[in-house]
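Hello,

Please find the structure below, followed by notes on the spaces found in it.

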Amino acid sequence: MNKLVLFSDFSFIHSQIRDEIFNDFKSVYDNNWFINGKSVSEFESKFALFSNSRFAVGVSNGLDAIFLALKALGIGKGDEVIVPSNTFIATVFAVLNVGAVPVFVEPDYFTYNIDPILIEGKITKKTKAIIPVHLYGQACDMEAILEIAKINNLFVIEDNAQGHGAFFNDKITGSFGEINATSFYPGKNIGALGDGGAVTTNNESYASFIKSLRNYGSNKKYHHDILGYNMRLDELQSAFLNTKIKYIHQWNNLRVEVANRYFNSLKDIPEIILPFCHDKATHVYHLFVIRTVRRDELLSYLISKNIQVLIHYPIPPHLQISLSFLNYRKGDFVIAEELCETSLSLPIWPGISSNEIDYVTTEIKNFFNGKK
Ligand SMILES: *Cc1c(COP(=O)(O)O)cnc(C)c1O
């Protein structure tokens, strides 16, 4: 039996930083302070710098980061927010959780990112914001999106959960919108050892409002000026993130090398559509997603060869049971639906070996050559 090829694996990056992470734990432990302390503020400074933004505020997770960004912009009941029709459900739930209505816009057929050309047709008097998602790690066309937002007087909130360290026009993701949101879920390119998230902004009042909202509406202990939440990033996760953020560009480069090896090996298979990059965007390959009309067969075949592959995502948001009250049906967003039926994510992580990649691509070729 062939060796198992994992879809994702932390062993390489975590062995590289094991001693540093253990020291991070010791220093928080010995410091005797676990919430809203110096590790959080240190990480906020580092992440703001990384994101080319004046402020970063650490929060509990990516969903809450988008939610808090919407709250800070005063978006709620009666408002509409434009989101891609193909995204992880968190983008959509955050909009619903503030009481606003998500309005879906189809992605570009090749980049899988929200198609700026289709946005304007969805803008109404109620539209307040656009949430572009840098899906799979490729930066959205932020030039076009910012232009549409400006003309129509809309806020932009980047959902940068998958695009840490990607650029559009030499400008880093997380630096474009009024407020931007991200996640440090362990599997993201910058991942904590548990849940975590952040918002970034150049606006001081948004930053301080979100600091208060995340902490029971309080900037001064036992003074609760606004109705708030408990949506904090803790000291331990911040300490781990302070270490991990130092390696992000190095680890992203390893992901790009893996992607290039996949490109080289798979480029001559006509039945496969490979990831396509906008010429002004960079891609940090949070995921390496290929497409084929024979997706389900290929998936079973690769699983039978001990290669872990996954589908991102099998069901588009508009067809999720939780959203059935919005009354969408199959056929409403045909591109999102087609992506769900044809996409397959191949194993990718910093440290996957060339042998493992070659095993994956050899088996994909065997599948299409009928050698099964
Ligand atoms: C992971 C993810 C989120 C949510 O992050 P959590 O930290 O899991 O809440 C939001 N949007 C996208 C696109 C994601 O991939």
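**Pockets and cavities**

The largest pocket holds about 680 Å³ of space. This is a predicted model, in which local features need pLDDT of at least 70 and side-chain atom pairs count only at pLDDT 80 or more, while totals for chains, interfaces and linings use all residues. Residues are numbered from 1 along each chain as its sequence is written, and side-chain values use heavy atoms, with hydrogens and water left out.

On a 1 Å grid over the protein atoms alone, a pocket is an open set of points with protein on both sides within 12 Å along at least five of seven lines; a cavity is a set where a 1.4 Å probe fits but cannot get out; lining residues have an atom within 4 Å of a point. A volume is the space filled by probe spheres set on the points, which are joined across faces, edges and corners.

The largest pocket has 37 lining residues, and Ser183, Tyr185, Gly187, Lys188 and His286 lie nearest its centre. Helix H4 (62–72), helix H5 (90–97), strand S8 (179–183) and helix H10 (248–266) each give two or more residues to this lining. Helices (H or I, at least four residues) and strands (E, at least two) are DSSP runs, numbered from the N terminus.

The second largest pocket has about 240 Å³ of space. Its lining includes Trp33, Tyr216 and Arg232.

There are two cavities of 30 Å³ or more. The largest has a volume of about 70 Å³; Asn86, Tyr136, His312, Tyr313 and Cys340 are the closest to its centre among 13 lining residues.

Regards
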